[in-house]
Amino acid sequence: MDGVMNITKRIDDAAAAEIAKIRADADAEIAKIRADSDARVAAIRADSEAAVARENAEADKRAASAAETAKRAVTLACRAEVLDGVYKTVRARLAGLSGDERVAFLSGVLHAALAECHAREAHAKATFGENAYVLRLAAADLPLGEALIRDCGEPVTLGGEADIDGGLLLECGDTFINCSLDMILRDAREQTEPHIRTVLFG
């Protein structure tokens, strides 16, 4: 009987030892898995934080770039508005000339148009005779036509009303000189805007 008890005890002890070993191995494996998992989580968190930091940095750069672009666009728009205002003011002053000032302005434009006509078509007089030049004015300036023709020193005849609101049109054979107020200001802006831009904005 004692022999059986000894065997049973030995089996129980062996089983207990095996169970303890299995439990210890399981605990060790669990600890290893937990450590690996913690390390993996830490690595993922670090990568995620780095990615978030990079994305935030990129977002900041994009925002700064967008702000700079918007600032540049606003600056350019403001400058364009200022320049437009300058030439609108000039146009309003020219359009508002009256009396002797208006006659002097139109006379100067007519002389410039005649000089341009000479340069373009020097043979016009020989081809078309002494009345080669035809002057057309806006309706409001027609009463000034005779005085302009009388003082210009060229064989100019007064034509019909021109569909312009200032300045003049001059025809000479096949040559057509557009010295309307809008054309004068367009040409003047092309020539003067770089200088005015420098004066205004540096």
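**View 1. Arginine 189 and glutamate 193 sit 4 residues apart in helix α5, about one turn of the helix.** This is a predicted model, so local features need pLDDT of at least 70 and side-chain atom pairs count only at pLDDT 80 or more, while totals for chains, interfaces and linings use all residues. Residues are numbered from 1 along each chain as its sequence is written, and side-chain values use heavy atoms, with hydrogens and water left out. Helix α5 covers residues 181-201; helices here are DSSP runs of H or I with at least four residues, strands are runs of E with at least two, and both are numbered from the N terminus. An α-helix has 3.6 residues a turn, so residues three or four places apart point the same way. The side chains of arginine 189 and glutamate 193 meet in a salt bridge at 2.6 Å, N to O. To count as a salt bridge, a side-chain nitrogen of Lys or Arg must be within 4 Å of a carboxyl oxygen of Asp or Glu. Salt bridges that share partners join Asp84, Arg189, Glu193 and Arg197 into one network.

View 2. Glutamate 193 is buried, with a relative accessible area of 17%. For these labels, buried means under 20% relative accessible area, exposed means over 50%, and partly exposed is in between (1.4 Å probe, protein chains only). Leaving aside residues up to four places away in sequence, glutamate 193 touches Leu83, Tyr87 and Ala188; contact means heavy atoms within 4.5 Å.

**View 3. A salt bridge joins the side chains of arginine 189 and aspartate 84 (2.9 Å, N to O).** Arginine 189 lies in helix α5 and aspartate 84 in helix α1 (residues 2-95), so the pair ties together parts that are 105 residues apart in sequence. Both ends are partly exposed: arginine 189 has 23% relative accessibility, and aspartate 84 has a relative accessible area of 30%.

**View 4. Arginine 62 and glutamate 55 make another side-chain salt bridge (2.9 Å, N to O).** Arginine 62 is partly exposed at 46% relative accessibility, and glutamate 55 is partly exposed too, with a relative accessible area of 44%. The total count of salt bridges comes to 10.

**View 5. Helix α4 (residues 145-152) has Gly145, Leu148, Ile149 and Cys152 buried.** Those residues cover an arc of only 95 degrees around the axis, which puts them on the same side of α4; the arc is that of the directions from the helix axis to the C-beta atoms. The face turned away from that buried side carries the exposed residues Glu146, Arg150 and Asp151. On the buried side, the residues pack against α2 (99-120), β1 (133-137) and β2 (156-161). After α4 comes glycine 153, with a positive phi near 75 degrees.

**View 6. Strand β3 (residues 167-172) is mostly covered, with 5 of its 6 residues buried.** β3 runs antiparallel to β1, and 5 bridges join the two; strands pair if DSSP finds at least two bridges between them.
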